[in-house]
Amino acid sequence: MSDTIRLRLDVSYDGADFSGWAVQPSRRTVAGVLTAALGRLVGPDHPLGLTVAGRTDAGVHATGQVCHVDLPAEAWTALEGSLLRRLAALMPPDARVRRVTEVPDTFDARFSATFRRYEYRVADTPWGPEPLRRHDTLGWMRPLDLDWLNAAAAGLVGENDYAAYCKRKEHATTVRAITRLDWRRDPDGICVATVQADAFCQSMVRSLVGAMLSVGDGRRDPSWPRTLLTLRERSSEVTVAPAHGLTLIAVGYPAETEYASRADTTRRLRA
């Protein structure tokens, strides 16, 4: 038996009271509460590191987040049949591990991923979002035109440099491949944007939504969001939509035999 076992954790959380995913000193974060719960089960002698598919910002939610952790083999043997139940008892009600899967050590929650998919919910009713959905739905006081929103979205799909929509990091690329970006209006009247890409840079989804909302309510032409793709730095004209309307709903992965090759490809693309 190897010294450690790699586990994939499928995680959901209400981001309203978290300062994002990543561990931060003196801040309540999703990784912080999850690491603390695992540490109580495994013991202090085994340092734990979580690798996540996408580090969500403060206030952003998830129903389909994925991370991986390497546990000592003897600990996994003892916990395999009860880990989900024990984590449920130790974690707060606004964060849940929904599934635990043993995976090969070639699996990397971040670099093996083929796509991340988000949804952004907007209520354009005069009275705003329903009270029970206030944590995950943005209230927009101007009526939104679905055709205009989708016209703006269509111009943003493809592989492009999204520098105008990103908070740039030194030595990091802002080139991304958006494979899906569209809007729908659900039966309850809520406008929902779905955006899927190989990966996203910081603030990218919320910036895209902010730009499209200014088209949907008639303040901008549908062609305007695409014109910003010619810029090589963040645009001051783009308003970043609030975090609480955004939810990470899915992360995609290739077949098990392709985990390592996908991770290698992603690392080269992000270099």
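The charged end of arginine 28 sits over the ring of phenylalanine 18, 4.2 Å from its centre, where a charge counts as over a ring if NZ of Lys or CZ of Arg is within 6 Å of the ring centre and within 35 degrees of the ring normal. This is a predicted model, in which local features need pLDDT of at least 70 and side-chain atom pairs count only at pLDDT 80 or more, while totals for chains, interfaces and linings use all residues. Residues are numbered from 1 along each chain as its sequence is written, and side-chain values use heavy atoms, with hydrogens and water left out.

Ring pairs link Tyr13, Phe18 and Trp21 into a cluster; rings of Phe, Tyr and Trp (its six-membered ring) pair if their centres lie within 6.5 Å, and planes under 30 degrees apart count as stacked, over 60 as edge-to-face and the rest as tilted. The structure holds 5 aromatic pairs, one of them the edge-to-face pair of tyrosine 13 and phenylalanine 18, at 6.5 Å centre to centre with 75° between the planes. Both tyrosine 13 and phenylalanine 18 are buried (under 20% relative accessible area, with exposed over 50% and partly exposed in between, for a 1.4 Å probe and protein chains only).

The rings of phenylalanine 107 and tyrosine 259 have planes at 75° and centres 5.1 Å apart, so this pair too is edge-to-face. Because phenylalanine 107 lies in the loop between strand E4 (95-103) and strand E5 (115-123), and tyrosine 259 in helix H7 (residues 259-270), the pair ties together parts that are 152 residues apart in sequence; helices (H or I, at least four residues) and strands (E, at least two) are DSSP runs, numbered from the N terminus. Phenylalanine 107 and tyrosine 259 are both buried.
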